[in-house]
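Dear colleague,

I am passing on a structure for you to look through, and below it I set out what was found. Please keep it open while you read.

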Amino acid sequence: MVSLAGSQILSPTHGPCTSSSSSARRPGHSMRTIRSALLHPDSPPGPASRPRDADADSDMENLTDSVIDFRLSELAHPAAVAKSSSANAAATDMLDLSRGFSDYSSFNSDISGELERLAAAASASATPARSDTDPAVDLNDLESMDLSEAASPLDRVEPFVLACVRALAPDSPPDARRGAAARIRLLAKHRTDIRELVGASGAIPALVPLLRSTDPVAQENAVTALLNLSLEDRNRSAITAAGAIKPLVYALRTGTAPAKQNAACALLSLSGIEDNRATIGACGAVAPLVALLSAGSTRGKKDALTTLYRLCSARRNKERAVSAGAVLPLVHLIGERGTGTSEKAMVVLASLASIPEGRDAVVEAGGIPALVETIEDGPAREKEFAVVALLQLCSESSSNRALLVREGAIPPLVALSQSGSARAKHKAETLLGYLREQRQAGGCRAGLGAATSMAR
């Protein structure tokens, strides 16, 4: 394991995985400073803050209770669309299909489901933590506090936030730091105004070193606290500026199962800033995300799929995913009906199939037979995803079209073109048109061969 001392982040000039920590504010700002930051929304959360990303404005505001089903239509960057018109059409349609992946609803950002256990453990292991500036603040009171806006206005919450930040100081006892991270995790769970308050208080740079903690509970609390805080747009920039990307990738590799899942979601949130996508891939996130596809829980697999899809809007990350062996587990996930992973797996496969090495890997892993089987007997929704993925595989590959014919795809495609949804019918007809062109071209070549033989 890496010690806390190893969590220092170099300046941006040292490589794509590093961010400046020199601009991070010291923990424990005065209430005047915090209120000033909140009352001036145009002011950045820190000197190194990045401009707000246009695509990130609405991504994270309304997520499902498990942070699994993001609206995938908003996850892709235009650079991910293939250059050819046929590939572009397939990619565009995949984005259209993905709009139905989930409905936005109220969001419980603490997706690990372990908050109560961790809070209880922190209370049992740590002595009551009190603020040096306000001796009356007992952080243990947060466990029973009603944090609704009506019961706990910001004026009541502020002293607890400052007490948590002070408890996160490097010279605080390990139990105090662990407990403070758990309580920030709790504070940032529901309310946007509290997330803003915590972000302006200096908590973010104080949490980042705990991502490399050898204490798994402290690491998990820090990961989930940063995930919760990242749901506020301004906090994403502050988390990036605090150098959290590489430590989050470390937690993705080494943490508990909930920590890995939440680290994947935190990276997904940070990838709402477009510039971060290449950085996250360069810091090594793709391989542990691929590992979650095989070894994670159902929720972990969904989180990994959604994060991979976002990251693979960058071509280099597509290449990394293929090299990391993502295609084979994706093909296996196509057959996991009823878990919510099949559709997402096909969307990611279609994304990887937009590059030549991705198409080759899908064919080698048996992706075409799996997709044909889905068109034959899968649910209507999955049939639509399958036909679009096949279009991506076959639009620029005559050999893949021939393989599709040999797999017996024509009858189920004809059936889909007659009885599927409007979108499925259109795509099935387009794919059948490719197959007819393939057959006609084969017939022409056969005729030329026969004519040549007769001439001899």
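A residue is called buried when its relative accessible area is under 20%, exposed when the value is over 50%, and partly exposed in between. Please bear in mind as you read that this is a predicted model.

The structure holds ten salt bridges, and I would begin with the one between Arg178 and Asp175, whose closest N and O atoms are 3.0 Å apart. Arg178 has a relative accessible area of 15%, so this residue counts as buried, whereas Asp175, at 28%, is partly exposed. Both belong to helix H5 (residues 174-187), and because they are three residues apart there, about one helical turn separates them. The pair also belongs to a network of salt bridges that links Asp175, Arg178 and Asp215.

A second salt bridge joins the side chains of Arg191 and Asp193, at 2.7 Å from N to O, and Arg191 is buried, with a relative accessibility of 9%.

Turning to the aromatic rings, Arg212 lies over the face of Tyr250, at 5.1 Å from the ring centre, although the count of aromatic pairs comes to zero.

Key:
Residues numbered from 1 in each chain as written. Predicted model: local features only at pLDDT ≥ 70, side-chain atom pairs only at ≥ 80, totals over all residues. Heavy atoms only, no water. Phe/Tyr/Trp six-rings, centres within 6.5 Å; stacked < 30°, edge-to-face > 60°. Lys NZ or Arg CZ within 6 Å of the ring centre and 35° of its normal. Salt bridge = Lys/Arg side-chain N within 4 Å of Asp/Glu carboxyl O. Helix = DSSP H or I, 4+ residues; strand = E, 2+ residues; numbered from the N terminus. Buried < 20%, exposed > 50% of the residue type's maximum accessible area, 1.4 Å probe, protein only.
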